[in-house]
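Please read the numbered points beside the sequence and the model.

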Protein chains: 2
Amino acid sequence: MSKRPTSRDVARVAGVSQSTVSLVLAGKAEGRVKPETGQAVREAARRLGYRPNLAARNLRLGRTRTVLFVVPTLVSPIFGAVYTGAARVARDRGFGIVVHPWDDDATPARSPVDIEAIDGVLASSLGGGVAGFGDVPIVVLDNDPADPAPSVNFDVAGGMRAITRHLAGLGHRRLGHLAAAVDTWTFHVRAEVLTETGALTGREHCAIDVAAAREAALALLDRPDRPTAVVCDDDLIAAGAYKAARHLGLDVPRDVSVTGFDDILVASALEPELTTIRLPAERLGARAMAALLERLDGHAPPDVSLPGELIVRGSTAPPRR
Amino acid sequence: MSKRPTSRDVARVAGVSQSTVSLVLAGKAEGRVKPETGQAVREAARRLGYRPNLAARNLRLGRTRTVLFVVPTLVSPIFGAVYTGAARVARDRGFGIVVHPWDDDATPARSPVDIEAIDGVLASSLGGGVAGFGDVPIVVLDNDPADPAPSVNFDVAGGMRAITRHLAGLGHRRLGHLAAAVDTWTFHVRAEVLTETGALTGREHCAIDVAAAREAALALLDRPDRPTAVVCDDDLIAAGAYKAARHLGLDVPRDVSVTGFDDILVASALEPELTTIRLPAERLGARAMAALLERLDGHAPPDVSLPGELIVRGSTAPPRR
DNA sequence: CTGAAAGCGCTTACAG
DNA sequence: CTGAAAGCGCTTACAG
């Protein structure tokens with residue numbers, strides 16, 4: 001339980017001053033410290049297992065190398081992946097991430113009371129926008145690009161268009177929309193694109209939840225002018241659509257085609273496997289963190305839009321004659 | 001972009017000394033500072049929007065109120081939920097969490113090089129144990145309770161026994177085991193319990209992945225002494241078993257019963273819905289963090305084992321005569 | 001009841 | 001090329 005060594009201990013062992021240790025270990029010794037001295041310092045630091053005290057460095061520099069990551073929920077596989085990508089980039093640059101779940105769409109997200117030492121904010125998928133972060137640099141992801149902050153997004157419109165093109169190509173002329181009852185940019189975009197096709201014959205809203213989606217899908221499917229294809233805002237909603245179809249004795253995809261969005265694990269666990277849009281979630285997190293670090297370096301990163309990929313599986317087929 | 005106020009600024013505005021501000025705001029003024037003075041300080045702090053600089057406090061106190069959370073992957077819904085529970089408790093106590101993904105089962109987990117300011121460690125589901133954290137207090141979760149560190153666990157054995165009891169009650173005498181090819185405590189326990197039943201007629205290992213599970217399930221089901229029930233280490237593996245059964249023209253549950261473990265979203269997205277064990281993941285995270293905070297307070301928390309709950313759905317039925 | 005002062009461990013301008 | 005020194009913003013023992 002011996003106390004952790006400080007730069008002063010290293011200096012004593014190396015036979016130099018504490019400031020020299022600091023210089024050498026910060027990599028700022030170039031041309032200012034004799035190579036042998038630098039060697040001795042590094043050797044002593046290694047022997048003692050010295051690691052700089054971050055609290056002291058932060059206090060001195062006024063920066064913390066910590067970023068706040070605001071997400072609606074970590075429980076969704078998508079956000080786990082986004083976090084993973086963001087964390088990788090942060091770590092490579094010596095930054096830490098503090099995660100702050102914020103699932104209230106009606107209110108602007110605010111900094112948690114106990115986080116006052118933050119260099120920047122990454123805010124994901126917030127219905128209510130962001131407030132109360134003062135001058136802290138911010139990058140939004142999966143969020144309305146009209147927001148003044150730099151944004152990193154999935155190309156949601158492009159993904160939805162890929163789906164409608166795919167369905168139109170199969171011959172579908174009557175689409176139903178199972179929309180997520182979540183008031184955020186990404187779902188607004190899905191709805192708009194579908195409306196623009198002119199092929200929409202019905203839309204039901206539901207929570208992102210299998211049981212809720214099943215009920216909504218029943219309302220959509222159990223009527224005379226039944227859509228020949230059901231476009232779902234999310235893979236989980238598609239799972240509910242499958243259940244409704246089965247309940248009504250309809251075969252997927254023979255009697256009704258179903259599409260999802262996200263390509264989470266559920267998509268390939270379903271039977272038949274789900275035609276959906278694969279979103280590069282980990283890449284989104286990485287790009288967003290990179291953009292934030294650019295901002296911290298004083299640059300103005302451009303808005304980014306990452307394309308998804310249409311994954312055609314067994315849940316879509318030509319409509320029945 | 002005015003500079004952030006310090007306790008010195010608050011002192012100036014309140015007309016007191018900096019030390020008095022510190023005392024009042026730390027809640028240690030009781031009987032040492034006149035009530036009016038305390039009022040004035042709090043008022044000034046509020047007006048200026050003062051919040052203490054954590055780096056300075058940490059440096060002074062030698063503590064960081066930060067906990068390192070080592071997890072195999074955040075992408076799994078289970079760990080997202082565990083994190084959510086842990087974060088809630090941490091926040092209530094003014095602690096932050098730094099997440100450190102560690103997915104190498106063969107090597108003991110070590111502290112990431114860039115994290116040196118940690119008060120404690122929460123280590124989850126590690127095959128290789130933990131090393132290199134020195135004297136930092138540690139609590140392990142979903143891990144071998146034989147580890148010397150205090151542990152917080154799911155009652156995996158109890159959950160598996162609930163499944164075998166359920167299947168035995170339905171009349172199953174030949175069980176197959178689709179085992180996760182992951183070398184951690186939780187999966188060892190599942191295998192042991194199943195072996196002890198004496199009803200096991202076959203076991204196949206596979207990655208926790210639908211496609212891999214499908215292949216393993218085919219090996220298990222496509223033979224003369226076919227098991228009447230397939231016990232899966234994980235809901236996702238069960239999804240693969242469904243696919244294999246369908247491929248072989250077997251109906252679930254008429255021709256073969258299938259069980260999962262975890263009750264993640266997939267379980268109720270499947271058709272028929274999956275009989276499985278629901279694990280209190282969020283509660284596990286909360287209990288683990290509470291135990292770690294107890295350790296930090298100098299106490300020795302007891303080992304904890306949280307029971308799961310058998311959720312009987314449509315994937316299990318009596319075996320065919 | 002209140003304040004002056006020391007000191008946590010760094011970084012960096014400055015002096016030599 | 002190297003060191004003495006200031007100072008980041010706190011907490012807390014000590015003096016009054």
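1. Asp142(A) counts as buried, because its relative accessibility is 9% and the cut-off for burial is under 20%. Please note that the model is a predicted one. Asp142(A) also has a positive phi of about 50°, although it is not a glycine. Its place is in the loop between strand 4 (138–141) and strand 5 (151–154) of chain A.

2. Asp263(B) lies in the loop between strand 9 (257–259) and helix 10 of chain B. With a relative accessible area of 16%, Asp263(B) is buried.

3. The backbone also calls for attention at a proline. The peptide bond from Glu271(A) to Pro272(A) is cis, with omega near -5°; Pro272(A) sits in the loop between helix 10 (265–269) and strand 10 (276–278) of chain A. In chain B, the bond from Glu271(B) to Pro272(B) is cis, with omega near -5°, and Pro272(B) is found in the loop between helix 10 (265–269) and strand 10 (276–278) of chain B. As background, most peptide bonds are trans, and most residues other than glycine have a negative phi.

4. Finally, a helix pair in chain A. Helix 2 (residues 18–25) and helix 3 (residues 35–48) of chain A pack at an angle of about 90°, their axes being 10 Å apart; the two helices are therefore roughly perpendicular to each other. Helix 2 of chain A contributes Thr20(A), Val21(A), Val24(A) and Leu25(A) to the contact, and helix 3 of chain A contributes Thr37(A), Gly38(A), Val41(A), Arg42(A) and Ala45(A). Of the residues in this contact, five are nonpolar, three polar and one charged.

Key. Residues numbered from 1 in each chain as written. Chains lettered and ligands numbered in written order. Predicted model: local features only at pLDDT ≥ 70, side-chain atom pairs only at ≥ 80, totals over all residues. Heavy atoms only, no water. Axes fitted to C-alpha atoms, helices over the stretch in contact; angles between N-to-C directions. Helix = DSSP H or I, 4+ residues; strand = E, 2+ residues; numbered from the N terminus. Parallel < 35°, antiparallel > 145°, perpendicular 65-115°, else oblique. Contact = heavy atoms within 4.5 Å. Nonpolar A, V, L, I, M, F, W, Y, C, P; charged D, E, K, R; others polar. Buried < 20%, exposed > 50% of the residue type's maximum accessible area, 1.4 Å probe, protein only.
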